[in-house]
Amino acid sequence: MAATLYEAAIKALWVYFSVLLLFVSSNMHYSVDGASEVPCYFIFGDSLSDSGNNNGLLTLAKVNYRPYGIDFPQGPTGRFSNGRNLVDIIAELLGFDDYIPTFAAAIGGDITKGVNYASGAAGIRDESGRNQGMRITLYKQLINHQIIIKKLVANGSLTADYLSKCIYSIGIGSNDYINNYFMPKLYPTSRLYTPKQYADVLVQEYSQQLRTLYKSGARKMVIFGIGMIGSTPFEVAICGTNGTICVDNINNAAQLFNARLKSLVTDLNRNLTNAKFIYIDYYGIGLSSAASSPPGSVNYTAPCCEVEMNSTTGLCTPSKTPCQNRTQYAFWDAIHPTEISNVVIAARAYNATLPTDAFPYDISHLAQM
């Protein structure tokens with residue numbers, strides 16, 4: 001009887017969240033009088049946020065081909081998903097009437113509402129992702145941001161007050177593990193550092209990069225932790241799991257990094273004048289979402305699209321037909337989330353469901369400050 005009641009409660013909870021997600025998906029624009037909650041949104045990161053910056057690069061890490069974008073109005077644009085990515089949904093929740101343009105597209109367009117600098121395969125460390133080919137590292141993304149700031153100054157749009165009201169999201173670090181530390185044949189980092197030491201080294205370097213952004217006028221910063229990178233179909237296929245569901249040593253390393261990143265947010269808020277950094281627990285949101293879904297309701301182990309055997313990228317095979325029930329898959333390809341997964345993460349980052357989702361508060365509160 002207890003088990004039956006528990007299962008019923010879980011199913012009821014899942015129905016509630018499903019209805020909530022449908023509401024969020026179809027009612028994104030709810031800012032007052034149609035105005036965005038902040039004047040601009042600047043985006044830094046890797047493939048989880050890349051909206052097409054890698055399209056013109058000589059790299060394996062680009063997805064401007066079908067079936068990517070099968071559920072996106074413009075089709076394949078370079079987003080690593082079947083539809084909207086994480087920052088697209090956050091932009092909608094913030095009330096922007098269009099998606100934030102990529103750096104390449106923004107050069108000749110409107111840059112007053114923000115720019116997306118994110119690049120697939122990018123990392124905190126410059127060498128991370130080198131095995132994929134060209135990518136725009138976080139250091140280079142910060143340089144590109146300086147180019148945009150100079151353009152804003154030139155056209156009279158820039159003031160320190162204007163930049164301080166914008167939101168800056170930074171989601172990076174996964175490639176410093178999956179395309180660096182856990183590729184010992186190509187990178188020496190796992191021989192130079194223990195997982196704890198490597199997390200320390202990464203966060204120290206990341207701290208300097210975030211301080212550089214602060215010196216450029218950023219005050220409201222959203223820092224995403226890295227997700228359960230040891231649970232992706234790609235890593236499970238390559239590494240094996242020794243009988244567990246995920247690659248535990250990779251997930252454990254991600255948690256070491258996240259713990260230090262959360263502490264860094266506290267430190268930066270304490271030591272930088274008027275700084276408002278928040279930490280989003282991407283790992284925890286993903287874990288609790290998986291735990292709350294009824295068994296068999298969502299596929300967490302296989303990609304929705306067809307991925308070639310022995311793939312070195314985990315990306316979809318071009319032009320192959322993907323699964324039809326895409327809202328029932330957590331992974332689009334063997335690494336990246338489906339649009340529905342992005343909706344879950346973005347919704348809880350914007351308006352926290354659990355106290356642990358965001359620290360010290362969520363994006364909706366940051367936008368009002």
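Analyst: Happy to. A residue is called buried when its relative accessible area is under 20%, exposed when it is over 50%, and partly exposed in between, using a 1.4 Å probe and protein chains only. Helices (H or I, at least four residues) and strands (E, at least two) are DSSP runs, numbered from the N terminus. The model is predicted, so local features need pLDDT of at least 70 and side-chain atom pairs count only at pLDDT 80 or more, while totals for chains, interfaces and linings use all residues. Residues are numbered from 1 along each chain as its sequence is written, and side-chain values use heavy atoms, with hydrogens and water left out.

Let's begin with helix 2, residues 86-93. Eight of its eight residues are buried, so the helix is largely enclosed by the rest of the structure. The buried set includes charged residues, Asp 88 and Glu 92, along with Leu 86, Val 87, Ile 89, Ile 90, Ala 91 and Leu 93. After the helix comes Gly 95, with a positive phi near 95°.

Of its 15 lining residues, the closest to the centre are Asp 98, Tyr 99, Ile 100, Pro 101 and Thr 102. The lining divides into six nonpolar, four polar and five charged residues. The search runs on a 1 Å grid over the protein atoms alone: a cavity is a set of points where a 1.4 Å probe fits but cannot get out, and a pocket is an open set with protein on both sides within 12 Å along at least five of seven lines, with lining residues having an atom within 4 Å of a point.

Two strands pair if DSSP finds at least two bridges between them. Strand 3 pairs in the parallel sense with strand 2 (residues 167-171) over five bridges, and Lys 220 is the bridge partner of Ile 167. Five bridges also join strand 3 to strand 4 (residues 276-280), again parallel; here Phe 224 is partnered by Ile 280.

A disulfide here is a pair of cysteine sulfur atoms within 2.5 Å, and the structure holds three. One joins Cys 40 to Cys 166, S to S 1.7 Å. Cys 40 sits in the loop between helix 1 (2-26) and strand 1 (41-45), and Cys 166 in the loop between helix 5 (160-165) and strand 2, 126 residues apart. Their link is right-handed, with 45° about the S-S bond. Both ends are buried: Cys 40 has a relative accessible area of 0%, and Cys 166 has 0% as well.

The other links belong to the loop between strand 5 and strand 6. Cys 304 and Cys 323 have sulfur atoms 1.9 Å apart and lie 19 residues apart in the chain. Their link is left-handed, at -100°. Cys 305 joins Cys 316, S to S 2.0 Å. The torsion of that bond is about -95°, so the disulfide is left-handed. Cys 305 and Cys 316 both lie in that loop, so the pair ties together parts eleven residues apart in sequence. Numbered in sequence order, the bonded cysteines pair as 1-2, 3-6, 4-5.
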